[in-house]
Amino acid sequence: MSTPQFWSTPLRYLRWASHEKPAIFYSLIIGAMGPVSLVTLPPIRRAFGDVDPEPIPLTYPIPQGPRNIPQGYDDE
């Protein structure tokens, strides 16, 4: 059984795909950039001064002190 062309000579396959099947070639390049960007982009982003936002609160803040009951809305 022969080895598939990509796994036996990957650079030669990429050169062939860039000429004959550019959609496959560029999809491989863009797909390979995903995991690389997970490692490289956060330090670059922080170097340019972008900070992580504060986390969204998961509960409503409870005010301190007694509750003020609104006046003037009762049916009389």
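1. Tyr 13 counts as buried, at 15% relative accessibility, where buried means under 20% relative accessible area, exposed over 50% and partly exposed in between, with a 1.4 Å probe and protein chains only. Trp 16 is partly exposed, its relative accessible area being 35%. The model is a predicted one, in which local features need pLDDT of at least 70 and side-chain atom pairs count only at pLDDT 80 or more, while totals for chains, interfaces and linings use all residues. Residues are numbered from 1 along each chain as its sequence is written, and side-chain values use heavy atoms, with hydrogens and water left out.

2. The structure holds 2 aromatic pairs. In one of them, the rings of Tyr 13 and Trp 16 have centres 5.7 Å apart and planes at 35°, so this pair is tilted; rings of Phe, Tyr and Trp (its six-membered ring) pair if their centres lie within 6.5 Å, and planes under 30 degrees apart count as stacked, over 60 as edge-to-face and the rest as tilted. Tyr 13 and Trp 16 are separated by about one helical turn because they stand 3 residues apart in helix H2 (residues 10-20). For Phe 25 and Tyr 26, the ring centres are 5.1 Å apart and the planes lie at 75°, so that pair is edge-to-face. Phe 25 is buried, with a relative accessible area of 18%.

3. The chain has 3 helices and 0 strands, where helices (H or I, at least four residues) and strands (E, at least two) are DSSP runs numbered from the N terminus. The axes of H2 and helix H3 (residues 22-47) come within 6 Å and cross at roughly 125°. That makes H2 oblique to H3, given that angles under 35 degrees count as roughly parallel, over 145 as roughly antiparallel, 65 to 115 as roughly perpendicular and the rest as oblique. Where H2 meets H3, the residues on the H2 side include Tyr 13, Leu 14 and Ala 17, and those on the H3 side include Pro 22, Phe 25 and Leu 28, contact meaning heavy atoms within 4.5 Å.

4. UniProt, in an unreviewed entry, places the feature "transmembrane region" at residues 23-41, although such annotations may be inferred rather than shown by experiment. The span of residues 23-41 is 100% helix and 0% strand, and its end C-alpha atoms lie 25 Å apart.

Notes:
Axes fitted to C-alpha atoms, helices over the stretch in contact; angles between N-to-C directions.
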